[in-house]
Amino acid sequence: FTGLTPEDSLYRVIEIVIEQGQRLVPILEEGRLTGVVTRTDLINWLVEEPARIPESLSQHRLRERRVGSLMRNRLPQEVYSLLQQMGRLARDMGYTAYAVGGFVRDILLQHPNYDLDLVLEGDGIEFAAQLVRLLGGRYRSHKKFRTAVVILPDGHRIDVATARLEYYEHPAALPTVELSSIKMDLVRRDFTINALAIQLNPESFGELVDFFGGQKDIKERVIRVLHSLSFVEDPTRILRAVRFEQRFSFRIGSQTERLIRNALRLNMFHKLSGSRILQELKLLLEEDDPLSCLWRLEHLGVPENIHPLLQITQNKQEILEEVGRVLDWYALLYESPLPERWKVFLLGFCEGHDIKECRSLLQRLQFSPKQEQSFLRMVENVHQARRDLSTWRKGKQRLSDLYFILSGLSIEAELYLMATGRTELIRKQLSHYLSLLKNTRIDISGEDLKAMGLTPGPAYSRIFQEVLRAKLDGEVRDREAQLNLARELIREEEQG
């Protein structure tokens, strides 16, 4: 056991308990044991006192470098000019403006990213107001957090923040905000690669600010947190670490991975609201390669810390892989509507579980009652459609019957059915439906029925459905044949 004296900083306790995994720290006076600090004591202290980040944790010297030429070469001219305009405006207001975060990281990585995040050493809301006066558009502000969002006339969105320090009133809480300098704003970031800033004022335009070694970590392709309390303060950073690791083909640093595992042993996810977990899960599942993220999370033991249904069994792995393949196939069709991909994956996690178990997962993720009802209805619709498709497969296999089994489903349910089709015939016909049948339209309208003397009413939808059914089955291929069928159906309607 590593022991401390009463004069040691409490941050030494944090290092020993969280980084070294030691459950308790002996306190020694003149070689005699006078007390201990346990992991529970540490957590209780974090609940009582804001987890402020001491300057001693920021050990890296400031590294500055000019990246103006990179910006000019790697950004569209309109984005580059916009940055210059904002820098001039900040100077004229007596402020200092910085582009920060993922925008800066992706310039260095040569990844296209034109989502602008600005930090002002000055009043961010007033800067947003003046920017709108200068360039047009509109803005909305959040006075509590001293932030604003600017929407320019061309639709370009700019997030503007006042330089600030965030601290957490207890583990997994939402942040409390204090005004501070750019350095203290950057130290609140999740990872070193996101704690970079570029000055925009004309006299120092393009100067890269790096207090924490972000450039080095980008070069070495490492995901590293800024301090040892990072995952205690905000466990959702674990999901983000995996997301960035897989997106950029980086690796989570060994010390950062140890901190992840320690946070999981402390059950930090249990203190998180489900809505924050769901938000991060959605982002992760919308990545280009969400499966690699899921496998990495499973390797770290994250899913079981959120909810048992999220654990990836062999069967679920196979389902999720097939879901990924179907979603990639559908994306190549460029069809509308676009599915909410995360919902299709979530259906995969619910596979093999009853409605009560599924509801338990949705409630852990804090679905609203309306969202919960909608998703559970989708689960039930999938089960019903499977039964109907089994009957269809044993019958005449008319395309019209297939169409009406599937047409009432959401696109997410349709794609999930294709991913989990139990026979090659079902998968093939679902592919045919999604790529061709789904967009089938008849060639007659209500005006045609009205011209035939039929009074508008419920009979219209019945006739249209029968005409569509006949077209799907190849019985009425052109407009004239459809009009003739409609006349026959109208006579039947008139005869009762």
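Reader: Which residues touch the most other members of the largest nonpolar core?

Author: In this predicted model, they are M71, F127 and I158, in a core of 121 residues. Helix α18 (residues 369–394) gives this core its largest share, eight residues.

Reader: What does F127 touch, leaving out residues up to four places away in sequence?

Author: F127 touches M86, L89, A90, M93, Y95, L118, L120 and V160.

Reader: What does the second, separate core include?

Author: That core has 15 residues, among them M184, V187, A195 and L226. Two of these names, A195 and L226, return in the contacts of R189.

Reader: Why is R189 called buried?

Author: Buried means under 20% relative accessible area. R189 has 14% relative accessibility, so R189 counts as buried.

Reader: Where is R189, and what does R189 touch?

Author: R189 lies in the loop between α7 (182–186) and β11 (196–199). Leaving out residues up to four places away in sequence, R189 touches V100, G101, V119, N194, A195, L226 and R237.

Reader: How do you know that the span of helix α24 agrees with its 16 residues?

Author: The expected span is 1.5 Å times one less than the number of residues. For α24 (residues 479–494) that gives 22 Å, and the end C-alpha atoms are 22 Å apart, so the two agree.

Reader: Which residues of α24 are buried, and what puts them on the same side?

Author: The buried ones are Q482, L483, L485, A486, L489 and I490. They cover an arc of only 165° around the axis, and therefore lie on the same side of α24. Their cover includes α22 (446–451) and α23 (458–472).

Note on methods
Residues are numbered from 1 along each chain as its sequence is written. This is a predicted model: local features need pLDDT of at least 70, side-chain atom pairs count only at pLDDT 80 or more; totals for chains, interfaces and linings use all residues. Side-chain values use heavy atoms; hydrogens and water are left out. Helices (H or I, at least four residues) and strands (E, at least two) are DSSP runs, numbered from the N terminus. Buried means under 20% relative accessible area, exposed over 50%, partly exposed in between (1.4 Å probe, protein chains only). Contact means heavy atoms within 4.5 Å. The arc is that of the directions from the helix axis to the C-beta atoms. A nonpolar core is a set of buried Ala, Val, Leu, Ile, Met, Phe, Trp, Tyr and Cys residues joined through side-chain atoms within 4.5 Å.
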